[in-house]
There are 2 protein chains.
Amino acid sequence: MQSVRLIRRAILTFALLSAALDTRAQQANLTLTAVPGIKVGHHTITERPTGCTVILVEAGATAGVDVRGAAPASAETDLLKPVNLVQQVYAISLSGGSAFGLDSRSGVMRYLDEKNIGFKAYGSINVPIVPAASLIDLNIGTNPRIRPTAECGYRAAQAASTAPVVEGNVGAGTGATVGKSAGSGRAMKAGIGSAAIRMPDGLIVAALVAVNAAGDVIDPATGKVIAGVRTADGRALADARALLTSGAIKQPARLGVVATNATLTKTQLTKVAEMAHDGFARAIFPSHTMGDGDTIFALATGAQSAPADVSRVGALAAQVVADAIVRAARQATSIPGYPAARDLK
Amino acid sequence: MQSVRLIRRAILTFALLSAALDTRAQQANLTLTAVPGIKVGHHTITERPTGCTVILVEAGATAGVDVRGAAPASAETDLLKPVNLVQQVYAISLSGGSAFGLDSRSGVMRYLDEKNIGFKAYGSINVPIVPAASLIDLNIGTNPRIRPTAECGYRAAQAASTAPVVEGNVGAGTGATVGKSAGSGRAMKAGIGSAAIRMPDGLIVAALVAVNAAGDVIDPATGKVIAGVRTADGRALADARALLTSGAIKQPARLGVVATNATLTKTQLTKVAEMAHDGFARAIFPSHTMGDGDTIFALATGAQSAPADVSRVGALAAQVVADAIVRAARQATSIPGYPAARDLK
């Protein structure tokens, strides 16, 4: 990870020299909002650890999706199929609360509708296009009936800004946990992570991931577990890769958004979303299980008019997804019963 | 159509003799609720022609889906992919209101959650599984901001019963129109239609369709248009098949549910949903256009334990879908600007 960070810093330095239009503050932003036109807002619910996160693209972005987990909670993903009509989305709504949490999407629609942002049906009737996905955190805290509502989505949209994404126990990642291979008693806390890469030619690829996983979070740069299933005494990391051969592996869901300033079609972004799942494969073990909801949305704002190389954007997307996952584990803080990576020192 | 009706009556007579457990009243029901365990409820909004329809399966049903229109508004369809975890759904939520109308699903979830009906996450936390689809009717009436809400879904669920399905201008079909190939000024009213076939061996296959289409509704038994784009003077049917070669064809969405008492897997029901789309192809011209949301959910209650023939159920499903579409056009009543089939005599 250290080497990756150094490379990213080198790229950043180069970008500072080459991209005169960006401000110094924008350059320092290595999260999803590094992509101009993307705003991110969280709303964190205090009654139980849950919440929602909204990625706003008020000018619209071309989008694709790859739902590869086997237990997804999702809405408006069908319209993202490359053959289908709608070409632009205006927000992505992520939340906790499992299928109930999809309600937060409704508040995001209301926020956009008040601003008349959306697809214009019959030329004038506004229909905000807001694909959504939710992760399951109903077992965290004591009252599973407290879930993100439409109000959560509306407030997250209100809070959205171009500032660097706040990470850790916020928004859709508030109740996110990892390392559930040996049951919740040996799990750990994770949350929201975000990362971005700026290429010398101005290409930016960024990711935001709400990390909720049966599996462990592994730093691909070192191969070491950062957060995951703990040993029976709860004090150390057990390593799910070793556990897999000796015992049962259980469930949950990651939700991710990758964004780029490149110009890509829906078909190309579907491929980018597929390739971005490699970041899950590298940074989470095991990935894509029957209990996971693993969903990645890919957005392209199209600010770079030069033709984009899909494979290059996809490879970078996988990298920022892995980086974001590692950050989600590192930035999380503990909650009762679920220590965070920073506590296991 | 007349011959189909006669055949259906013959089947019905046979079934009366062979299925001693069914009551006479149930036998007379040739709508979706002919399948034991299926309840249907509508809530019709009076402020603008729109509403929602809920298909309740409180004991759970295996389900599949085929979203074949290019402009769908949908939720929780990803979990219906055969490879994915969840095997049973507890309701299907259909509505008007385009993407906004998906909110009605939230009320259906609340209704089921109050009864503790749903998938049991972590063994005990209830998550009602309610896939949903919405059709666009925002251009009907004067205020597109009146849309089905969560309350609509809750009330439709409360109203659900095993009585024969009420057809015409109700529920999700309240604002449904057809024959928009030459613009809304020459369109006609359609709505909800439902049909069922009872086979001598006890197999029941039934459909409910909310018919909202760019295309014309054609009776496959006669090849004649029942409702669709009208001539310039508005008094007769123009026949979109003829118009296609001479002019532009425009947009919208059908939502359908087919149900059977057979025992089928998710994979088999996905195939049944695919085959059921042939009913759209036969009874609507043109079908599956870029502006259509054409979505069919297929449900199996599994009451018949004998192995089911997927092709047979699928072929029957296509038939009842076509029948339901014809009924949707025949049962609709006119609203200002949109005459119904019964008015064109």
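Analyst: Start with one term. Buried means under 20% relative accessible area. Keep in mind that this model is predicted.

User: How many disulfides does a search of the whole structure find?

Analyst: A disulfide is a pair of cysteine sulfur atoms within 2.5 Å. Over all chains, the search finds 2.

User: Take chain A. Which residues form a disulfide there, and how far apart are their sulfur atoms?

Analyst: Look at A:C52 and A:C152. Their sulfur atoms lie 2.4 Å apart. That is a disulfide because the cut-off is within 2.5 Å.

User: Which parts of the chain does this pair link?

Analyst: Distant parts. A:C52 sits in strand β2 (residues 50–67) of chain A. A:C152 sits in helix α4 (residues 150–159) of chain A.

User: Is the link of A:C52 and A:C152 left-handed or right-handed?

Analyst: Read the angle about the S-S bond. For A:C52 and A:C152 it is -120°, and the link is left-handed.

User: Now the burial. Is A:C52 buried or exposed?

Analyst: A:C52 has a relative accessible area of 1%, so A:C52 is buried. A:C152 has 3%, so A:C152 is buried as well.

User: And chain B? Which residues does a disulfide join there?

Analyst: B:C52 is joined to B:C152, with an S to S distance of 2.4 Å. This pair links distant parts of its chain. B:C52 belongs to strand β2 (residues 50–67) of chain B, and B:C152 to helix α4 (residues 150–159) of chain B. They stand 100 residues apart.

User: What is the angle about the S-S bond of B:C52 and B:C152?

Analyst: The angle is -120°, and the link is left-handed. Both B:C52 and B:C152 are buried.

Methods: Residues are numbered from 1 along each chain as its sequence is written. Chains are lettered from A and ligands numbered from 1 in the order in which they are written. This is a predicted model: local features need pLDDT of at least 70, side-chain atom pairs count only at pLDDT 80 or more; totals for chains, interfaces and linings use all residues. Side-chain values use heavy atoms; hydrogens and water are left out. Helices (H or I, at least four residues) and strands (E, at least two) are DSSP runs, numbered from the N terminus. Buried means under 20% relative accessible area, exposed over 50%, partly exposed in between (1.4 Å probe, protein chains only).
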